[in-house]
Amino acid sequence: MPSTGASTSPAALADVRGRAYATLLGSALGDALGATVEFCTQSEIRAQYGVLRKIVGGGWLKLKPGEVTDDTQMSLCVARSLAAVGWSPADIAERFATWFKSWPVDVGNTCRRGIARYINHGTLTGPFNEGDAGNGAAMRVAPVALATLADSRLLERWAVEQGHITHNHPLSDAACVLVGRLIHMGCTGQPRERLRREVDDVIVQFPTFRISPYRGLSTAYVVDTMQTVLHHFLSTNSFEECLVATVNQGGDADTTGAIAGAIAGAYYGLEQVPRHWVAKLAPALVREIQDLSGHLFERSPLGHRQPVVM
Ligand code: MN
Ligand code: MN
């Protein structure tokens, strides 16, 4: 039984497929938009851009407009692995290692340490580490959410296992599962109140995630990241406004953008994703994201039950 109560009529499943595509596309767009102002303060952003609403590249990584960073690249490793071999943390780790050796423009410190541990010791998880509460595992969980639609037990297991390849911390685990659940709910057309209730439930369990009053911090600490994403997702009314508000908070803006983009993409769906943003991404990337999202949906418990059209 789908735990999010999704309908499985052909029209409903076609809608889920579109939302799955919007999830991965939204994440790449949030990364590309936010990378311009990664590590900037709000006042620096205001001085230079007023409000940043366009995908213009630049930033500390000197990106071309539409270029994506580690957030999208690591998500693609997870998505390609799931599409190619199903669930295999070893295959995901191997893809992280191959990516890491390709001199990517950016790698987070905790991801770097985790991937180096895998390369040197072959282990798929490190011991608990107080310093592992960064956002690097939550930023790449979206493909796992699509592949587990709409089985929340499976999501919980896979989200945490993929996270532990680089991050072993209860707050990172909780963030991975929450992001995944919100994507499940968005993709299956749940109302905002349902998503808000899910957030509230997690805050009961982990009060440190509470979002009111919003503290305005958007660092790579997963608590700050999640507060920024959740605050802006729940206080805006469109895909575009959610991403614009999130990245203009500055800080780890490509990563808050990537996570907000995945949740908002799932919730608002493809029609709300601005075409002029998509036009900035490399066409090959957009094609691959569409293909992968379709594969992941089809492999998911929900997609498996899609009736065959005779
Ligand atoms: Mn990045
Ligand atoms: Mn980042």
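At what angle do the axes of helix α10 (residues 222–234) and α12 cross, and within what distance do they come? The legends below begin with this pair of helices. The model is predicted: local features need pLDDT of at least 70 and side-chain atom pairs count only at pLDDT 80 or more, whereas totals for chains, interfaces and linings use all residues. Residues are numbered from 1 along each chain as its sequence is written, chains are lettered from A and ligands numbered from 1 in the order in which they are written, and side-chain values use heavy atoms, with hydrogens and water left out.

**View 1. The crossing of helices α10 and α12.** The two axes cross at roughly 35° and come within 9 Å; axes are lines fitted to C-alpha atoms, for helices over the stretch in contact, and angles run from 0 to 180 degrees between N-to-C directions. Helices (H or I, at least four residues) are DSSP runs numbered from the N terminus. The crossing of α10 and α12 is right-handed, the near helix being turned clockwise from the far one by less than a right angle. On the α10 side the contact is made by T225, T228, V229 and F233, and on the α12 side by T256, I259, A260, I263, A264, Y267 and Y268; contact means heavy atoms within 4.5 Å.

**View 2. Residue T256 in helix α12.** T256 belongs to helix α12. T256 has a relative accessible area of 0% and is buried, where buried means under 20% relative accessible area, exposed over 50% and partly exposed in between (1.4 Å probe, protein chains only). Not counting residues up to four places away in sequence, T256 touches S218, T225, T228, V229 and T246.

**View 3. The manganese ion (ligand 1).** This ion is coordinated at 1.9 to 2.3 Å by T69 (OG1), D70 (OD), D71 (OD) and D254 (OD). Donors are N, O and S atoms within 2.8 Å of the metal (3.2 Å for Na, K and Ca), and sites may look incomplete because water is not among the atoms. Along the sequence, the donor residues of the manganese ion (ligand 1) have the spacing T-D-D-x182-D. Distant parts of the chain are linked by the pair D71, in helix α3 (residues 70–85), and D254, in helix α12 (residues 253–268), which are 183 residues apart. D71 is buried at 0% relative accessibility, and D254 is buried with a relative accessible area of 0%.

**View 4. The manganese ion (ligand 2).** The manganese ion (ligand 2) lies 3.5 Å from the manganese ion (ligand 1), and D254 coordinates both.

**View 5. Residue Q249 in the loop between α11 and α12.** Q249 lies in the loop that runs between α11 (239–247) and α12. Q249 counts as buried, at 9% relative accessibility. Its contacts, leaving aside neighbours within four places in sequence, are Q42, I45, Y214, G216, S218, T228 and H232.

View 6. Helix α1 (residues 10–34) has 25 residues and reaches 36 Å from its first C-alpha to its last, close to the 36 Å expected at 1.5 Å a residue; the expected span is 1.5 Å times one less than the number of residues. Because 20 of its 25 residues are buried, α1 is largely enclosed by the rest of the structure. Helix α4 (residues 89–100) has 12 residues and reaches 16 Å, close to the 16 Å expected. The buried residues of α4 are P89, D91, I92, A93, F96, A97 and W99, and they pack against α3, α5 (109–121) and α7 (152–164).

**View 7. Residue E67 in the loop between α2 and α3.** E67 lies in the loop between α2 (42–49) and α3 and counts as partly exposed, at 25% relative accessibility. E67 and K280 are 213 residues apart in sequence, and 8.2 Å apart in space from C-alpha to C-alpha. Leaving aside neighbours within four places in sequence, E67 is in contact with A32 and V105.

View 8. C111 is in no disulfide, the nearest cysteine sulfur being that of C176, 10 Å away. C111 counts as buried at 4% relative accessibility. The sulfur of C242 is 15 Å from the closest cysteine sulfur, in C187, and this is too far for a bond. C242 also counts as buried, at 0% relative accessibility.

Conventions
Helix = DSSP H or I, 4+ residues; strand = E, 2+ residues; numbered from the N terminus. Disulfide = S-S within 2.5 Å.
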